[in-house]
Amino acid sequence: MKLRLSLLFSLILPMFFISSCKEESSSEKVINLWIFNNSPSPLEDMNKILKGFHVENPGIKVEVTVLDWSNGFSKIVLAAATRNGPDVIQVPSTWAASLTDIGALMPLDSAAGIWGNKELFIEGARETMKPKNSDSITSLPWFLDVRPFYYRKDVLDSLKINPKLITSREEFADALHKIKGAKISINGKVVSPMAYPAKNDWNIVHNLASWVFSAGGSFLNSDLSKSNLLDLQTLDGIHFYLDFVKNGYNDYSNLDKTTAGVSSDFDQGKTAFIGETTQKSMYLDNQNFSQANSNAVAALEYGCIIPPTAKKGKPGKYFLGGSNLGVFSSTTHKRESLALLRYLTVQSDVQFHFSRISSFLPALSETYNLPYFLENNNRKVFQKIVEKGVSYPAVSVWSSIETDVLVKRLNNIFNIIAGSEGKQWPKIQIDIELQAADKEINSIISKDIQKRQREKVP
């Protein structure tokens, strides 16, 4: 890996140069924090969060850099290769293993043992702290991302559907069936039962994950050594999710839409149910709709339910994403960096403040004891999802598995489904794609195992 990083450095250094060197006065130390676009105004919002840190630590100044999602990973890799990067860095949970593998992150075991032991954080997020092939904790959970289901109260009320009784996938399908059959028309448009985006949407795996996890399946086996895609429980979750199109609950037209398109349809009252991020609630709660737009769901009332993805009588398990924070291994300000890490991850008031600004959820368990979560029905739902959340496997090959295999093959599947409209359901072709994905995943894992074995040879 060191050779590969050196080669990468030699190729791209002429095109790109990052310097984390800052002129420091004798009385003040400057530490650099790299983050991504986590809120409406990421730089301004982060600086608001850091005001308290600067008060508590008058000898430390934090300078924030906002990375772009499109090239942020390559910038971090370059910074690791040159040992010329930030002091503290946002680590998307699916990148934690990869960045640990290349030595970008400093071990945090001693710090975690003092003020960040694993029990402080939501259980589902703990797996990403110490990746599979690491001997150490290398990052701490910062914030979480889940996908509750939003519904239109007026539609459910008109059909006397009690959302509190929609706790399983069978009950959810029954509700969708009633909505489809009723053909409720609002402002001259028939309300569709549900909608999820498909082709060319970056959420394509996240939207499927809860259905797989709740069916008892997984993308990799328990020791993360091979694909679990063809496991019967995994296949059951996948097919149940795809059958929403087959049964006419998710219209074929939605397959060409992005999350933004489906979300906009919900705002305009076209759809009864969608699965979305918790950022959706902030948008709906804060919108000031005009009289001309009074048919929008926010003007009517919406509600949230736990994703109804489990079989009746079975416990559900749900997609859990988000980001961690780590200390860059090349930092020359270890003590100051750990102070910032502690401030952002294990202080409930700071976690709460960031959650309010970003609408992502806290990773620190005790934050959910605040009235903000306990006294609001929708946010109670968010908490319950978080408590049963499942992170993606903490292995360095996961990014490749997700992007190069699952996204690609699911896109193929939805293209096949879109082309079958009005024809026989293409189950055979769907299964062929899943078999191909299974083979590709196993190939990626096998190559990674062989590489690691070679690297152990003197």
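Helix H10 (residues 259-267) gives the most to the lining of the second largest cavity, with three residues. Helices here are DSSP runs of H or I with at least four residues, strands are runs of E with at least two, and both are numbered from the N terminus. A cavity is a set of points on a 1 Å grid over the protein atoms alone where a 1.4 Å probe fits but cannot get out; a pocket is an open set with protein on both sides within 12 Å along at least five of seven lines, and lining residues have an atom within 4 Å of a point. This is a predicted model, in which local features need pLDDT of at least 70 and side-chain atom pairs count only at pLDDT 80 or more, while totals for chains, interfaces and linings use all residues. Residues are numbered from 1 along each chain as its sequence is written, and side-chain values use heavy atoms, with hydrogens and water left out.

A volume is the space filled by probe spheres set on the grid points, which are joined across faces, edges and corners. Among the residues lining the second largest cavity are Arg147, Asn203, Asn207, Thr259, Gly275 and Glu276.

The whole structure has six cavities of 30 Å³ or more. In the largest cavity, 16 residues form the lining, and Phe149, Asn207, Trp211, Tyr241 and Gly275 lie nearest the centre. Strand S8 (192-195), helix H8 (204-214) and strand S9 (271-275) each bring at least two residues to that lining, and H8 gives the most, with four.

Then there is the largest pocket. Its lining counts 41 residues, and the closest to the centre are Asp145, Arg147, Trp202, Asn203 and His206. Elements giving two or more residues to this lining include S3, S4, H10 and S12, as well as helix H11 (279-286) and helix H17 (398-419).

| Space | Volume | Lining by class |
|---|---|---|
| Largest pocket | about 1200 Å³ | 14 nonpolar, 20 polar, seven charged |
| Largest cavity | about 140 Å³ | nine nonpolar, five polar, two charged |

## The sheets

Two strands count as paired if DSSP finds at least two bridges between them.

Strand S5 (residues 149-152) and S10 pair in the antiparallel sense over four bridges, and Arg152 has Tyr302 in S10 as its bridge partner. Contact means heavy atoms within 4.5 Å.

The other open sheet to look at has six strands, ordered S2-S1-S3-S12-S4-S13, again with mixed pairing. Strand S2 (60-66) and strand S13 (361-362) are the edge strands, each pairing on one side only. Strand S4 (residues 140-145) and strand S12 (residues 321-327) run antiparallel and are joined by five bridges, with Pro141 opposite Asn324 in S12. Helix H13 (residues 334-345) lies across S1, S2, S3, S4 and S12, running at about 155 degrees to S12.

## Helix pairs

Axes are lines fitted to C-alpha atoms, for helices over the stretch in contact, and angles run from 0 to 180 degrees between N-to-C directions. Helix H17 packs against helix H18 (residues 427-456) at an angle of about 170 degrees, with the axes 10 Å apart. That makes H17 roughly antiparallel to H18; angles over 145 degrees get that label, under 35 is roughly parallel, 65 to 115 is roughly perpendicular and the rest are oblique. The residues of this H17 and H18 contact divide into 13 nonpolar, three polar and four charged.

Helix H7 (residues 169-182) and helix H9 (residues 232-246) have axes that come within 12 Å and cross at roughly 10 degrees, which makes H7 roughly parallel to H9. Here Arg169, Phe172 and Leu176 in H7 meet Asp236, Gly237, Phe240 and Phe244 in H9.

Methods. Ala, Val, Leu, Ile, Met, Phe, Trp, Tyr, Cys and Pro count as nonpolar, Asp, Glu, Lys and Arg as charged, and the others, Gly among them, as polar.
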